[in-house]
Amino acid sequence: MKLSNFRFELPQERVATTPLYNRDECRLMVLHRKSQRIDMYQTDAKGKPKKGKDKRPIFLQFGDILNYFEEGDAFIFNDTKLFPARLFGTKEKTDANIEVFLLRELNAEMRLWDVIVEPARKIRIGNKLFFDESGAMVAEVIDNTTSRGRTLRFLYDGPHDEFIHDLYALGHPPLPPYILDKEAALREQGEEVPEISLDDIQTIYARTEGAVTPNSAGLHFTRQLLKRLEIKGVELAYITLHCTLGCFRNIEVEDLSKHKMESEQMYVGSEVCRIANTSKENGHKVCLVGTSTAKAVETAVATDGKLKEFEGWTNKFLFPPRQYRYADALIANFYHPASTLLMSTCSFGGYDLVMEAYKLAIENEYNFGCFGDAMLILDD
């Protein structure tokens, strides 16, 4: 597969940049991989589309996902948790405004962090960066890692938990680039910018801190929906994969086999292995929630086809015609053109079927992005 296979025209008005009030009321499109069928509408007992007061068919909503699963099936979620990774500060002496995007803590004792800085050309080794008026939160640049990457040492005198508390208190939500671009455009036009909180881009089941990009497919789940799945007898299990900025980086090669993914830290424990393997052994479906979950699970599947415990890093890149080895179903969002997220979705659903679904989504005004609509792909 080539990069150009995944380019398409996405109207900007189809990119959702603000969250829904009720997360599970977004639209849901259901793809059936083997039969090549696509479901878009709610149906009656005879299988005919239900119609609203305006006589138009009623679109499926995410809450309708309950109808596609039964007792004994299992869902695997990614429980990674976002932290307020965007910091704004000034450079010593010049007072130039700078932005620092925290990626990961490298050494807790020494307060070392791997970061991205803007504007990078102005940030050199030895510079001190100030993040609050009191001067309590100061960092020194000690290394260059990439063109925009730096290693910072925070000069903070106090316990580590207090340092993290004070650091995060200064942080802002790590919004996707397309939302930041929209906010910048609104500011230039003098228009009001909607406030998006960390909770708005956080899944309700997030518990293991470390992500710097939203786990978008999981944003559609509400506590009520999870409870309804449990009542139905669906097992819920969790892995951890800390989502990095890699999914938003442009692919610079036409041959996808030559693209290298950024490594991401992950953990698959014994409980999720027990739940998922038991479900498959009993002939039930295992559904992966999001392409980050898929990456972790596909990394941890052993040669015998079973999910095994795993702790470490993965840079697995799922793209067609490579097939998933473990999942029976996948929940994804509608993603941007030429993105690795779209490629991972096509790897499970099949290129032709997924791209046909994307065409229908644009024609029927589905929303794209982390606040957009959802897709369920079933292996039937």
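A residue is called buried when its relative accessible area is under 20%, exposed when this is over 50%, and partly exposed in between, using a 1.4 Å probe and protein chains only. This is a predicted model, in which local features need pLDDT of at least 70 and side-chain atom pairs count only at pLDDT 80 or more, while totals for chains, interfaces and linings use all residues. Residues are numbered from 1 along each chain as its sequence is written, and side-chain values use heavy atoms, with hydrogens and water left out. Helices (H or I, at least four residues) and strands (E, at least two) are DSSP runs, numbered from the N terminus.

**Helix α2**

- Helix α2, which covers residues 177-188, has 12 residues and reaches 16 Å from its first C-alpha to its last, close to the 16 Å expected at 1.5 Å a residue, where the expected span is 1.5 Å times one less than the number of residues.
- The buried residues of α2 are Y178, I179, E183 and L186, and they lie on the same side of the helix because they cover an arc of only 140° around the axis, the arc being that of the directions from the helix axis to the C-beta atoms.
- The face of α2 turned away from this buried side carries the exposed residues D181, R187 and E188.
- Just after α2, G190 takes a positive phi of about 75°.

- Strand β17, made of residues 374-378, is mostly covered, with 5 of its 5 residues buried.
- In a regular strand the side chains alternate between the two faces of the sheet.
- In β17, A374, L376 and L378 point one way and M375 and I377 the other way, and all are buried.
- Strand β1 (residues 28-32) pairs with β17 in the parallel sense over 5 bridges, where two strands pair if DSSP finds at least two bridges between them, and the bridge partner of V30 in β17 is L376.
- Strand β16 (residues 329-333) pairs with β17 in the antiparallel sense, also over 5 bridges, and here the bridge partner of A332 in β17 is M375.

**Cysteines**

- A disulfide is a covalent bond between the sulfur atoms of two cysteines.
- A search of the whole structure finds 0 disulfides, a disulfide being counted as a pair of cysteine sulfur atoms within 2.5 Å.
- C273 is in no disulfide, and the nearest cysteine sulfur, that of C287, is 17 Å away; C273 counts as buried, at 6% relative accessibility.
- The sulfur of C26 is too far for a bond because the closest cysteine sulfur, in C370, is 12 Å away, and C26 counts as buried at 1% relative accessibility.
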